[in-house]
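Subject: Handover of a structure, with notes on what was found

Dear colleague,

I am handing over the structure shown below, together with an account of what was found in it. Please read the notes with the model open beside you.

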2 protein chains.
Amino acid sequence: MSTIIDDLKRGDIPDFIEKIAKDEYMDTKTLISSIISGHIVIARNNLHKKLNPIAIGKGARIKVNANIGTSPTLCDFENEIGKVKAAIDSGADAVMDLSIAGDISCFRKRITDEHNITLGTVPIYEAMIGLDNPEQLTIENFLSVIEKQAKENVDFMTIHAGLLKEHISLAEKRVLGVVSRGGSIIVQWMRGHQRENFLYEHFDDILKVMNKYDITMSLGDGLRPGCTADANDEAQFGELETIAKLVRRCKAANVQVMVEGPGHVPLHLIEENIRKQKELCDGAPFYVLGPLTIDYAAGYDHIAGAIGGAMAAFFGADFLCYVTPAEHLRLPSIDDVKEGVIASKIAAVSVDLARQRPDELDRNRKISIARNDFDWDAQQNLSIDPDKFCRYLEKVKTDKADSSEASPCSMCGEWCAIKRIRKT
Amino acid sequence: MSTIIDDLKRGDIPDFIEKIAKDEYMDTKTLISSIISGHIVIARNNLHKKLNPIAIGKGARIKVNANIGTSPTLCDFENEIGKVKAAIDSGADAVMDLSIAGDISCFRKRITDEHNITLGTVPIYEAMIGLDNPEQLTIENFLSVIEKQAKENVDFMTIHAGLLKEHISLAEKRVLGVVSRGGSIIVQWMRGHQRENFLYEHFDDILKVMNKYDITMSLGDGLRPGCTADANDEAQFGELETIAKLVRRCKAANVQVMVEGPGHVPLHLIEENIRKQKELCDGAPFYVLGPLTIDYAAGYDHIAGAIGGAMAAFFGADFLCYVTPAEHLRLPSIDDVKEGVIASKIAAVSVDLARQRPDELDRNRKISIARNDFDWDAQQNLSIDPDKFCRYLEKVKTDKADSSEASPCSMCGEWCAIKRIRKT
């Protein structure tokens, strides 16, 4: 089968391109040239027929990802399916299944059977299952896992191929060395074998599988900073330089590629972080986790992540991985997933509005008009979470004589400014 | 009695100046010259002996205010005192009492007897109590209210003196005309009397009372935008130009002054909004409400407000008025107050960290080291909300053979990157 890039280069325009262009208020030509130049990716496995594909990258709506998946201590697929639903209902554009326990294949089948959302994975997790330690990982085993996951309709995969032996000593200088699970596995492998990262050494073999299924490469940042003190350091930017080279190899192989980023970054370093990625990686889409703007917001990391995510997207990041209130504390619950997605979504749509997207202008204007009209039903329908809106709303009757009178909420009651101005 | 400005100009340095300079990592001379030049205010009523005074403005830590107070439909002072406590415990630097029902004087006495936090009010609310409509407001009545509140130890007062007749037609062009309670009262008064704003006309009389008690003037923005479509419009900037002139009159009268700001502002207009205020108002401290970066986050407006507040403070706003999850929906509960303060606080300290404040660098570094050491007690103590931290934390024993083994949380369990790297 050919890839989207092959098709577009040949002038064969898949049907979904038109639809995406329309959704993104982009003309088809711009969309196509952005995909070919690698400024936009359409993460879509060519076996994933049920997928509703989306564009991630320059000029597209900011997208939001939710991580879900089992852990050895908490392996309940019904609960994880509940998280997928909560994520989708709350506005997620993609989910990454990070499951490391239970019948993962069956679970992925349910996700792609029941939903049409973009699906990502970090294959090294599944490659590790059953091994005693990372040193037992082999490229053969790894390639078989990505081939297996490719057949499970996975649309994009995180590959930590940019983390090299030379970066390890840079990470050792850090306050909080390596916090990426994938990164720590690769470091352990390299230390054990005293050899270069096998994902880097066999990158062309990986690209072959990615190309075969038209899977989008998501170059993982194994050295993402795990605290603000480590942000934008030599370790992070060292790995990024290698990632930039791999971006070019992906493009040469007609494999769509995006780049993963931090993590924990203080506000004043976010712009530099984003600009550097965009510059080094020839404008490849940037997929950031948070970033968290302080280190001590555990319990409220979704808020620190919304601040960092909004700032990152404002400066050019394209895809926000959510952070939930459970970050640093536990595997997220269904409620945590919902709160995390909504927080990231607020960051994302804040940037979409700042870019004057017509749908955002329209939704914001409509709810403001409904507010002026005391049309609570319309406000509820337009709000980001109609259930919570309804649960919180306390209307107040201020004028008993007139039952048709518009009712303000209990924050101001009869002191409502909007009501006062209407009366005057 | 003399004012702080009088004292400083004379070279009499009140004791609290040294303490504030130390708290702010500022040398005393810089602090004093910033207060005299009006770049920093110390909102402190000279009767308010129990107050622990704070600095608001350039170079100082970003401060957070929580609005509390009764409404006619919800008048329970025990509950409001609970909100004050929740606000202080969550890190608020000031509270504004917006009570419009019940025995307000008794309530304010409890606040200032039981706490040493900076207290603000919007005197026009109390001036309205007992009146049938705003047209009955007189300057005599208003002056007696601010004198009464001055004796109740109020440290700063919002005065909507910048909203003039000429601005009304500008606001009429808006999607959501006037959303400030004070602003709507003034508009109704001006419409009814067909006269200029009496607070503007009698501004010198107001300054006399403020000067007498050394109360800080907070120039209210009666035309703050109530939706993103109205942000940075002629109405808002028109009023701001009048406010800028009033800033100079406050300074001429040795009355410390800060300026209030929006409201709802999309991300791309925040920088302009802040720069304009700072430029027009000669660097007077800027006290913003939110700002909210989208209009439809009701139920999660604390998150939209944290995004906007962080961006605003990053570009120079000095004082953040919190927004709670109840905004647009109801009078906030104690829990709403807590959530609102913490969200604003995360925005504030994100900017403090970005400015490399030593205490923030230290706290972030310490929790990161504790994270590396699996020292959960230290992490909990350093976290923004130790109770929630404790409630959420799920530790996992990964190695039963070794009971001394450091325990990761259930997010990754044995897959914890930090643990893996330590083992290698």
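The expected span of a helix is 1.5 Å times one less than its number of residues. Please also bear in mind that this is a predicted model.

With that rule, helix α16 of chain B may be considered. Helix α16 covers residues 358-372 of chain B, which makes 15 residues, and from its first C-alpha to its last it reaches 21 Å, close to the 21 Å expected at 1.5 Å a residue. Its buried residues are B:Glu360, B:Asn364, B:Ile367, B:Ser368, B:Ala370 and B:Arg371. Seen down the axis of α16(B), these buried residues fall within an arc of 160°, so they line one face of the helix. As background, residues three or four places apart point the same way because an α-helix has 3.6 residues a turn. After α16(B) comes B:Phe374, which has a positive phi, near 50°.

The barrel of chain B

In chain B, eight strands close into a barrel with parallel pairing, in the order β3-β4-β5-β6-β7-β8-β9-β10. From one strand to the next, the twist averages 25°.

Strand β5 can be followed in some detail. Strand β4 (residues 94-97) of chain B pairs with β5(B) in the parallel sense, over four bridges, and B:Val95 has B:Leu119 as its bridge partner in β5(B).

Which way do the residues of β5(B) point? B:Thr118 and B:Gly120 point one way, B:Leu119 and B:Thr121 point the other way, and all are buried. In a regular strand the side chains alternate between the two faces of the sheet. Helix α7 (residues 139-151) of chain B lies across β5 (118-121) and β6 (156-159) of chain B, and runs at about 160° to β6(B).

At β9 and β10, three bridges join strand β9 (residues 286-289) of chain B to strand β10 (residues 319-321) of chain B, and the two run parallel. B:Leu289 has B:Cys321 in β10(B) opposite to it.

A residue of helix α1 in chain B

B:Leu8 is part of helix α1 (residues 4-10) of chain B. Is B:Leu8 buried or exposed? Buried means under 20% relative accessible area, and B:Leu8 therefore counts as buried at 5% relative accessibility. Leaving aside residues up to four places away in sequence, B:Leu8 touches B:Ile13, B:Pro14, B:Ile17, B:Ile32, B:Ile35 and B:Ile36. Of these contacts, B:Ile32 lies 24 residues from B:Leu8 along the chain, and their C-alpha atoms are separated by 6.8 Å.

The barrel of chain A

Chain A has a closed barrel of eight strands, running β3-β4-β5-β6-β7-β8-β9-β10 with parallel pairing. Neighbouring strands of this sheet are turned against each other by 25° on average, direction ignored. Helix α13 (residues 267-280) of chain A packs on the sheet, where it touches β8 (257-261) and β9 of chain A, and its direction makes about 145° with that of β9(A).

Strand β9 (residues 286-289) of chain A pairs with β10(A) over three bridges in the parallel sense, and A:Tyr287 stands opposite A:Phe319 in β10(A). A:Cys321 belongs to strand β10 (residues 319-321) of chain A and is buried, with a relative accessible area of 6%. A:Cys321 and A:Leu289 lie 32 residues apart in sequence and 4.7 Å apart in space, C-alpha to C-alpha. Beyond residues up to four places away in sequence, A:Cys321 touches A:Asn65, A:Asn67, A:Tyr287, A:Val288, A:Leu289, A:Gly290 and A:Ser344.

Helix α11 of chain A

In helix α11 (residues 203-213) of chain A, the buried residues are A:Phe203, A:Ile206, A:Leu207, A:Val209, A:Met210 and A:Tyr213. Around the axis they cover an arc of only 160°, which puts them on the same side of α11(A). What do the buried residues of α11(A) pack against? They pack against α7 (139-151), β6 (156-159), α10 (198-201), β7 (216-219) and α12 (234-252) of chain A. A:Asp214 follows α11(A) and has a positive phi, near 55°.

Yours sincerely

Conventions. Residues are numbered from 1 along each chain as its sequence is written. Chains are lettered from A and ligands numbered from 1 in the order in which they are written. This is a predicted model: local features need pLDDT of at least 70, side-chain atom pairs count only at pLDDT 80 or more; totals for chains, interfaces and linings use all residues. Side-chain values use heavy atoms; hydrogens and water are left out. Two strands pair if DSSP finds at least two bridges between them. Axes are lines fitted to C-alpha atoms, for helices over the stretch in contact, and angles run from 0 to 180 degrees between N-to-C directions. Contact means heavy atoms within 4.5 Å. Buried means under 20% relative accessible area, exposed over 50%, partly exposed in between (1.4 Å probe, protein chains only). The arc is that of the directions from the helix axis to the C-beta atoms.
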